[in-house]
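Dear colleague,

Here is the structure I said I would pass on. My notes on it come after the file.

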Amino acid sequence: MQETMTVNEKGHLVIGGCDVVDLVREFGTPLYVVDEDQVRLQCRKYLRAFAKHYANGEVIYAGKALLNVAMCRLIDEEGLSLDVVSGGELYTAVRAGFPRERIYFHGNNKSSDELRMGIEYGVRRFVVDSLQELYELNRLARPADKKVGIYLRITPGVEAHTHHYIRTGQRDSKFGFDITDGVALHAVREALACDSVVLSGFHCHIGSQIFDVEPFRQAVNVMFDFMHDVRAATGFTAAELDVGGGMGIRYTESDTPLEPEVYVRELAAAVLT
């Protein structure tokens, strides 16, 4: 399977063999065009790279990029897991028959109804962004007689080389628990004290539209240092680490996206060092 997005002799964008100008004439605008072959190609690139460099890795598709029933089924067929950020996205995944044990429920402002929905559907992990969410999740899971798996979202203090509006890993980020002021370690202690929540590991996300692998390496190093400190302070050993995404895509001719092979190779090297 080869790259399928090109520019033809008329200077028209061609997606999956279809001239976009012709598509606009037929369907009008605005128009969303998804090339199934191209999406599958990208999925397989990541899976092959992980199989080669880090067999224990898991590839998780971010539903906020585009989520409908057809996309859920495509992602499932390709063997990826799914990250949802709302009750609506979770509902879409369930309607599509996506395996619930491969669903991660993200989002920094989940309502009680959304948390309850995730518990009922049996998602694999909740990514917890605040103490309020932690306590509410524990409260809701208790009468359901379920042990709910979670990640704590950690702010690693790494500033990615991208626009400041889409940086999420620096100290003043509104997302997650900050390492440097002790908030993150306090959150770990609180999670370990919960009776209906099981802390499985940690998550971090440093931003979007990143074209350099170095910030990802820095984030991995910071997270491993944090996990070492957590084990020393509490005895808890994290079994899982989600290092987020944020790899850039080509919006302009000057953009130089990382190939999945390069990203995964460097990420695996940082984890294994």
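The notes below cover a sheet, the nonpolar core and the salt bridges.

Please keep in mind that this is a predicted model.

Sheet. Three strands make up an open sheet, ordered β1-β2-β3, with antiparallel pairing. Its edges are β1 (5-7) and β3 (18-19), each of which pairs on one side only. Between β1 and β2 (residues 13-15), which run antiparallel, there are 3 bridges. T6 has V14 in β2 as its bridge partner.

Core. In the largest nonpolar core there are 65 residues. L90, F126, L137, I150, L152 and F202 have the most contacts inside this core. Helix α8 (residues 214-234) supplies the largest share, 7 residues. The surroundings of L137 can be listed: neighbours within four places in sequence aside, L137 is in contact with L115, I119, F126, V128, V148, I150 and V197. As a general point, nonpolar side chains in soluble globular proteins tend to be buried together.

Salt bridges. Searching the whole structure gives 18 of them.

E240 and R125 form a salt bridge through their side chains, at 2.8 Å from N to O. This pair links distant parts of the chain, 115 residues apart: E240 belongs to strand β11 (residues 240-242) and R125 to strand β7 (residues 125-128). Both E240 and R125 are buried.

R153 and D129 form another salt bridge, with an N to O distance of 3.9 Å.

The side chains of R139 and E136 meet in a salt bridge at 2.8 Å, N to O. About one helical turn separates R139 from E136, because they are 3 residues apart in helix α6. Are the two partners buried, or partly exposed? R139 has 42% relative accessibility and therefore counts as partly exposed, while E136, at 17%, counts as buried. The cut-off that matters for E136 is 20% relative accessible area, under which a residue is called buried.

Finally, a network of salt bridges links E36, R40, R44, E77 and E78.

Regards

Conventions. Residues numbered from 1 in each chain as written. Predicted model: local features only at pLDDT ≥ 70, side-chain atom pairs only at ≥ 80, totals over all residues. Heavy atoms only, no water. Pairing = 2+ DSSP bridges. Helix = DSSP H or I, 4+ residues; strand = E, 2+ residues; numbered from the N terminus. Core = buried A, V, L, I, M, F, W, Y, C linked by side-chain atoms within 4.5 Å. Buried < 20%, exposed > 50% of the residue type's maximum accessible area, 1.4 Å probe, protein only. Contact = heavy atoms within 4.5 Å. Salt bridge = Lys/Arg side-chain N within 4 Å of Asp/Glu carboxyl O.
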